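Hi there,

Here is the structure I promised to pass on. Have a look at it first, and then read my notes below.

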Amino acid sequence: MNPRVKKVTPLDGYKLHLEFSNGEVGIYDCTHLLDFGVFQELKNVDYFKRATVIGGTVAWPNEQDICPDTLYLDSVKSARQSA
């Protein structure tokens, strides 16, 4: 099983700064989701910024969420955070 999301910070440009349970951090770009079904609501920047961590993944108030494995595997990783 891949690490799960511990913390999310929405960034400009529909990106998410993610901190994972193994100490890694990454940036996940959501722009490819914005024209797809339920994710179209994320085009509203104020709504996008309401991202939160629920059950180890990123979710929004109207029940949009992104698979935690996708977030981990497809995010661009940077330096590990100190524990």
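**What turned up around E24**

The side chain of E24 makes a polar contact with the side chain of N22, at 2.6 Å. Keep in mind that this is a predicted model, so take the picture as a computed one.

Where does E24 sit? You'll find E24 in the loop between β2 (15-20) and β3 (25-29). Is E24 buried or exposed? E24 counts as buried, because its relative accessibility is 14% and the cut-off for buried is under 20%.

**The strands on either side of that loop**

β2 and β3 run antiparallel, with five bridges joining them. Together they make a hairpin that has four residues between the strands. Look at G23 in that turn: G23 has a positive phi of about 95°.

β2 has another neighbour. Strand β1 (residues 5-11) pairs with β2 in the antiparallel sense, over six bridges. Here K15 in β2 turns up again, this time with L11 opposite. The hairpin of β1 and β2 has three residues between the strands, and G13 takes a positive phi near 75° there.

Cheers

Note on methods:
Residues numbered from 1 in each chain as written. Predicted model: local features only at pLDDT ≥ 70, side-chain atom pairs only at ≥ 80, totals over all residues. Heavy atoms only, no water. Helix = DSSP H or I, 4+ residues; strand = E, 2+ residues; numbered from the N terminus. Buried < 20%, exposed > 50% of the residue type's maximum accessible area, 1.4 Å probe, protein only. Polar contact = N/O pair within 3.5 Å; in protein donor to acceptor, adjacent residues only side chain to side chain. Pairing = 2+ DSSP bridges.
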